[in-house]
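Hi everyone, thanks for coming along.

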Amino acid sequence: MTFVTGINEQIKMENNTCYHCGDDCGNHIISFREKVFCCNGCKTVFEIFNENDLTCYYDLQNSPGAIPKEIEGKYDFLSQENIIEKLTEFRSDTIEIVTLHIPHIHCSSCIWILENLNKLNSDIADSQVNFGKKTVRVTYHSTKTNLKAVVTLLSAIGYEPYISLDDFKSGKKYINRTLIYKLGVAAFGFGNIMFLSFPEYFEVDEFWLEQYKPLFRWLMFTMSLPIVFYAAQDYFISAYKGLKSKILNIDVPIALGVSVLFIRSTIEIIFNIGSGFFDSLAGLIFFLLVGKFFQQKTYEFLSFERDYKSYFPIAINKIDKNSNENSVQVYDIEKGDRLLIRNEELIPVDGILINGKAKIDYSFVTGESQTVSKQSGDKLFAGGKQTSGVIEMEALKSVEQSYLTQLWSNDVFNKNKEEGFTNITNTVSKHFTITLLIIAAIATTFWLFVDSSKAMNVFTAVLIIACPCAIALSAPFTFGNLLRIFGKEKFYVKNASVIEQLAAIDTVIFDKTGTITSHKQSNAAYDGAELSTTEKSVLKNSLRGSNHPLSRTLYSILEAHNIITLDAFKEHIGQGIEAKHEAINMKIGSASFVGNPNANTVLNTTVHVSSNTIYKGKFTFYNSYRKGVSKLFNQLKQQFDLVILSGDNEGERDNLTKLLPAKTKLIFNQKPEDKLEFIKYHQSEGAKVLMIGDGLNDAGALAQSNVGIAISEDVNVFSPACDAILDASKFKELYRFIMASKAAIKIIKWSFVLSLFYNIIGLYFAVTGQLEPVVAAILMPLSSISIVVFTTIATNSISLKKSPSVSYKK
Amino acid sequence: MSVIYILLSVSVVVGVTFFILFIMVVRSGQYDDDYTPSVRMLFEDELVKEQTDTSKQTKTD
């Protein structure tokens, strides 16, 4: 197989995809019962399922599984009493219930296997999946099994739970359902009051109708009580708060309308003047609450509020004086403790390296994608991830005092972005309320002279009919609908106010690593003496055996060669690979490892090659930029100021200047605080900043900016606290999302015009003193429904117009 | 004529009953997860089928 055509490759792919996880098996295929597996891990999972009659797992969905990870010793901390206490949601002598977050949950097979856990461990009484939240709630007999066994079982079948410091907080999560209750109250009242007020709409002077009028009216009054005093409560509170801080927000005319409706209706039925407007009152509150409900689009599987706690482990291994390993809760780490950090584990506190080869990936903290080698005695910062082997370190600080976590003590993380931002509805509301009060005053004065008995009637009628229900609904329905459309296109926005702020942006700031570059460094250029064919073959084959990310990348770039058996292969962790085949003795790795004579310091990542102790040359890796970066920047440059704010060094400056429009500012070597300060400075100059970042190092900047968008390769994996999460595959669509937000503002303005039109019709009836309950009862729902229809159609059309090829895949 | 009282009270009682049911159901958390149950209800049969299938398979193996 020296040369494979595209078609052949595809056939090969289909035949060689792992039965369990669906990955390409490559060259090392493991067969078992006529099924193909990519690794022993996958095969083991299949064996477990096969023994327990659970192979139905594979019938529901093709290749649903995940490769089980090595977890030896990782969950030892779960046998600690205080940790079990915090993680479980219920504990008795015999039963424990725990809810675990499992990022891999993605299909019906996952639900099926996780709800059949008792087949794998009979001491598990029950397990229930919440697909939206990606959690499984496990009930087990704590006398026969324990939390550690449950977690180990889940990990063994490829469903490793994600347990972080975030789970270690006391207090149960409280689900707020008040809006649903209020909506229920309003819907109940609205339906029944409509039903009761129907006979009076026709004013039939029938004997029995006259007789029972008071009964019907008092029933309506009773039903309106919970609506006014419970369901509408938020509007009164918000109006009061607004008035207190001298802001005429939209809730002021609403609260005014509601109180006038209720008081006038009550007076009418007490003095038997008329039937009141209880139907309109209930309808108004109901529609307003529907709007509020619709605007609340929540993505249960996403969290927009993450801080370092979501990344940090709960416990870490501590070595005591007698060199015994104990797991210790991260908050309990004290200065001077000796800690053991395994491969792929996060360093939880600042400390000093005692022994072991440290190769730390600080991409969380600094955005720098290259790993940093540390020698014994060097300082290690919290947030780094150890990437080669086991190290021992001594803690210098506690968790909260560490360098990374101190970023979170900055005030921006306690600031509510919605404060100090006047949304479009409230901007209009100010003028609306003043105009409304003027009209009411003029009309009342007029009637005082013409027919003073009608004056009070007209005054209240104006306030009732002009109650800005339709205006208040425009924004929730437009933004609510847009939130859903964005969600389908994998742009997950936290709430409606974010869309509004996005429309007002004038500066766009990008992080570099992980944001405009993809995580894989997939471009490498060779520089040095030409390699012979056999050398190339040995190189490719030795890379195949290595699991180092750079080897993996280089392996996929190099052209295919015959598979040869290496005579000797040795991987020196943190340094490189040594391979021997016939006469060729090859060394691949760092400059010092291969013996590069002139190891000049270059900024880019390099892999050096030597053959039979003769230095050959080096592969230099370049960042690979996301598809469409250049196009996106060119689209954006017309309307926005563009900045690249990178934590990385200047190694990529030349590439970036070639790729991006000339006016893009490039700023390198930015620490997390520098990024935050940079944005703060520009905001003080009046800029509205959109920050786009990916890592924890951008957390401060994302929080400080007007809108912070986190780019995520896999939305189930964790991204820092932000206002919106954008799937990396949709990065090039960013311009369209901003434009759609701007269009949404236009739609809202148009629907304001539409609702004003209804208000003018209503005001005509009110001012002339002929407002009948039936007119109000028709006009109110009609205006609300037409606004809902208009905004829905309009938002759908803007999103469709700009993307003819939107795929609505769930 | 007093049939109207009966009708009214019936309609109100029916309305209130459903309203209380709604509140109870929301409170119990039934609406918190609106996706998983739709998948779960399709499982029961498959499990039975699979059990017989695999037992046959293991015999022939």
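Let me start with one term: two residues are in contact if their C-beta atoms, placed from the backbone, lie within 7 Å. Keep in mind as well that what you see is a predicted model. Now take the contacts in chain A between residues at least 6 apart in sequence: 67% of them join residues at least 24 apart.

Staying with chain A, we have 28 helices and 28 strands. How many of its residues count as buried? Of the 810 residues, 42% do.

The buried ones are A:A496, A:V498, A:I499, A:E500, A:Q501, A:L502 and A:A503.

Next, a sheet. In general, strands of a sheet pair through backbone hydrogen bonds, in either a parallel or an antiparallel way. In chain A there is an open sheet of four strands, in the order β3-β4-β6-β5, and the pairing is antiparallel. Which strands stand at the edges? They are β3 (88-91) and β5 (124-130) of chain A; each has a single partner strand, so one side of each is left without a neighbour in the sheet. On average, neighbouring strands here are turned by 15° against each other, direction ignored.

Let's look at one pair. β3(A) and β4 of chain A, residues 95-101, are joined in the antiparallel sense over three bridges. Here you can find A:T88 opposite A:V98 of β4(A). Packing on this sheet is helix α5 of chain A, residues 108-115, which touches β5 and β6 (135-141) of chain A. The direction of α5 makes about 160° with that of β5(A).

Now to where the two chains meet. Chain A gives 20 residues to the contact and chain B gives 19 residues. On the side of chain A that touches chain B, the elements giving two or more residues are α5, β5, α8 (178-201) and α9 (207-231) of chain A. The largest share, five residues, comes from α8(A). By class, this side of chain A has eleven nonpolar, six polar and three charged residues.

Let's follow α8(A) across to chain B. Its axis and that of helix α1 of chain B, residues 3-27, come within 10 Å and cross at roughly 165°. Angles over 145 degrees count as roughly antiparallel, and that makes α8(A) roughly antiparallel to α1(B). The crossing of the two helices is right-handed. From α8(A), the contact uses A:I180, A:Y181, A:G184, A:F188 and A:N192, while α1(B) brings B:G15, B:F19, B:F22, B:I23 and B:V26. Seven of the residues in this helix contact are nonpolar, three are polar and none is charged.

Last stop: a single residue. Where does A:N343 lie? You will find A:N343 in the loop between β9 (338-341) and β10 (351-355) of chain A. A:N343 has 14 C-beta neighbours inside 10 Å, so this residue counts as partly exposed. Leaving aside neighbours within four places in sequence, A:N343 is in contact with A:Q386, A:T387, A:S388, A:G389 and A:V390. And A:K359, 16 residues away from A:N343 in sequence, is 9.6 Å from A:N343 in space, C-alpha to C-alpha.

Conventions
Residues are numbered from 1 along each chain as its sequence is written. Chains are lettered from A and ligands numbered from 1 in the order in which they are written. This is a predicted model: local features need pLDDT of at least 70, side-chain atom pairs count only at pLDDT 80 or more; totals for chains, interfaces and linings use all residues. A residue is buried if 20 or more other C-beta atoms lie within 10 Å of its own, exposed if 12 or fewer, and partly exposed in between; C-beta atoms are placed from the backbone. Two strands pair if DSSP finds at least two bridges between them. Axes are lines fitted to C-alpha atoms, for helices over the stretch in contact, and angles run from 0 to 180 degrees between N-to-C directions. Ala, Val, Leu, Ile, Met, Phe, Trp, Tyr, Cys and Pro count as nonpolar, Asp, Glu, Lys and Arg as charged, and the others, Gly among them, as polar. Angles under 35 degrees count as roughly parallel, over 145 as roughly antiparallel, 65 to 115 as roughly perpendicular and the rest as oblique. A crossing is left-handed if the near helix is turned anticlockwise from the far one by less than a right angle, and right-handed if clockwise.
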